Protein chains: 2
Amino acid sequence: MTNVELLARRKKLLGAAYSLFYAEPVHIVRGEGVWLYDADGRKYLDMYNNVPHVGHCHPHVVKAICKQAAVLNTHTRYLHENVLDYAERLTAKFSPALDTAMFCCTGSEANELALRIARKVTGGEGLIVTDFAYHGNTRAIHEISTESCPASERPAWVVTVPTPDCYRGLYRDADAAARYAAHVQEAVDTLKERGFKPAALVMDTIISSGGVVRPPPGYLRRVADIVQAAGGLFVADEVQPGFGRTGRNFWGYEADAVEPDIVTMGKPMGNGHPIAALVTRAELTRTFSRHDHYFNTFGGNPVSCAAALAVLDVIESENLQQNALDVGEQLVAGLQSLADRHEVIGDVRGNGLFIAVEFVADRAARTPDAALAGKVVNELRLRGVLTGVIGPDNNILKLRPPMVIKSAEAELMLSTLDDVLQAVAGPVA
Amino acid sequence: MTNVELLARRKKLLGAAYSLFYAEPVHIVRGEGVWLYDADGRKYLDMYNNVPHVGHCHPHVVKAICKQAAVLNTHTRYLHENVLDYAERLTAKFSPALDTAMFCCTGSEANELALRIARKVTGGEGLIVTDFAYHGNTRAIHEISTESCPASERPAWVVTVPTPDCYRGLYRDADAAARYAAHVQEAVDTLKERGFKPAALVMDTIISSGGVVRPPPGYLRRVADIVQAAGGLFVADEVQPGFGRTGRNFWGYEADAVEPDIVTMGKPMGNGHPIAALVTRAELTRTFSRHDHYFNTFGGNPVSCAAALAVLDVIESENLQQNALDVGEQLVAGLQSLADRHEVIGDVRGNGLFIAVEFVADRAARTPDAALAGKVVNELRLRGVLTGVIGPDNNILKLRPPMVIKSAEAELMLSTLDDVLQAVAGPVA
């Protein structure tokens, strides 16, 4: 079936609300490691997908899923060891106080559960989020997904703070952490004026849709202190930065001396198998359980947990956190070299294998160039490299490949980008 | 590891908000067909679980999952045939107007998406639900899950109507359909008084948590007419009755001459693999897409769709809808025989393999006997039959086995229940 036929079938069967990547969509039929293959046998270097965390179709994960699916798949109202084994392995990745795990199927559901706990535990309703955030697609989470939920549709209990972006944001100086954090205190005060006690500050620890922004050092600790002093919880959304992606740390928040009250996680946990979770302190689940109980039909089932256990195995056995650091540094160094020659690169921000490249029309003025970013992404796709665009101005190339990417593959990405920039942005400086 | 050790580990690792079935929880390690096996090798007849729809670990479904998981698992922003093949097979199970499918991971997410579409399409906010409903566990869906969300916590835009229960409810006569439906018109009027345009009536088509209640004939058509005339949508929640469980029809709503605007589905779709969906008319997705777009990271991925395709294969190749009708009728006839001898059985309601047995302290007064129901369920568990309790009064035995249950297994269930009733409710009449 041709792409034209597939597109027509898709529009008819899935309706009008679904979208596709790229001016010329790709019809992927197979994946292996960092490589995707289309129906014509063409291969693509996957620099985009963080969900297949340990590589597309990693045999250890596939085997774990198959083995468990053939034996038992049921729910958490019976005793089963997989969910306990996984909860033990997972909570061991946190400080001793964060000792309890609860399971669901998607990042949206993990954030839903975090807010449900935060509200019951604090008695508050107020939520503080960054001003171009994405945390999921259910109604309550859409309301704090300020990227897509217009201010006019947000309830009064949602107050935003500026993304602590030191390249393009309000503050770019040495005091940026304190100055950005002061907005969280303002948000607490605004909630109070509106009659709401704060329930939680919810924040990506590398702020993804805000532009793959790493908060300035000290920021996360400061804002956690502020919200906790006001009686609210600090909910760290680790759906994207978690599981070693940032290289230096297993969780994004560890870059700062901060301990969240709740950590939510999703996408990479099961390498594509739907599983998500939150980790919190036992005392919070005790308080929560006095008001409420929790059950999620598919959440924490033996197959999902087998997949998630296998993902942890591979992260450890293949030393993927270190690989994220090493290849991430190689990519950032290479991108900075490209920036020396291509004026259109305004900034390169790296956090292990979670990297942003800002395209600008004017480097001094930092004028975002969305049209160029769109061209680059589509040209890279035509040359066999899959990436995406992100950020409030749609001008940021987002690189977030499976964690198994090798040095040679990073070089291929860099040389292809060099070619594309020469083609779309003119000869090098 | 002993159950005592597992319980301690579980409390420590999963916290206080999780609950377990049975006074003596079961540690299940293996499943096959309608049978579950515990760590000591003891087998249990599974009369409870509807999620393993075509039987625990059905080899055709396991094979489909394994095959696809080894080849590719990615998302709907690339073209892939599985999601289209499944959408085609699924929408073929509906009338031609219900031609479009959208995918997510859980029943909660399917209902979230249904409400999101209903609100955008109607411009309304008002929701009408039955008075002891369960539709999911996200915040917006919890608000319409009147079983667990207290009236004091419900927003003003949620209005309830009585469960159309002709055994225990307000109306039990020949006019019950019309009299119950009149409450939906009242609810529309209440919403109007409160300043809300109706967005949707959301209803199980066999009302599960309300007591496995089959609405009286004509009720669903009447209430759909009322809400549609008021500009709202009729959302049929088929998470439990769907996929042939009721025997006579593939979808619960087909028992009445009614066509929903949106049909939501979940649990049995992937036989335990997390997949859920809604089916609606293309025109509704077009209107929705003018306001909004839709993406769900894991929703409609190639592995989930492979699982769901395999489930449809098995329903068809093993003739499971007919089996639900046949074994369902056998169970109901057997339960009615038991009722002739056991005064404690107040009512038996069957809808294929979705069956309720009401336990009563006084048959004439229909006094619910929750204590007895609890004893029966725990005694059945001790004798190797897994069931559950449901209903506003916690007095209803819910039977909802995998669709592959055979006649001899139904007989085993009936004879075990007979034994249990003799033991816990005294000698037969």
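What rotation superposes chain B on chain A? A rotation of 180° does, with 0.0 Å of shift along its axis and an RMSD of 0.0 Å; the superposition is by least squares on the C-alpha atoms of residues with pLDDT of at least 70 in both copies. The two copies are thus related as by a two-fold rotation axis. In chain B, the C-alpha nearest this axis belongs to C66(B), at 2.6 Å.

This is a predicted model, in which local features need pLDDT of at least 70 and side-chain atom pairs count only at pLDDT 80 or more, while totals for chains, interfaces and linings use all residues. Residues are numbered from 1 along each chain as its sequence is written, and chains are lettered from A and ligands numbered from 1 in the order in which they are written.

Of the interface residues of chain B, 100% are also interface residues in chain A, so the copies meet through the same surface.

Within chain A there are two domains, domain 1 (3-54 + 319-425) and domain 2 (59-317), with bounds from an automatic or database domain assignment. Their C-alpha centres are 26 Å apart. Contact (C-beta atoms, placed from the backbone, within 7 Å) joins 26 residues of domain 1 of chain A to 26 residues of domain 2 of chain A.

On the domain 1 side of this contact in chain A, helix 10 (320-341), strand 11 (345-350), strand 12 (355-362) and strand 16 (396-399) each supply at least two residues. Helices (H or I, at least four residues) and strands (E, at least two) are DSSP runs, numbered from the N terminus. Helix 10 of chain A gives the most to that side, with five residues.

Technical notes:
Two residues are in contact if their C-beta atoms, placed from the backbone, lie within 7 Å.
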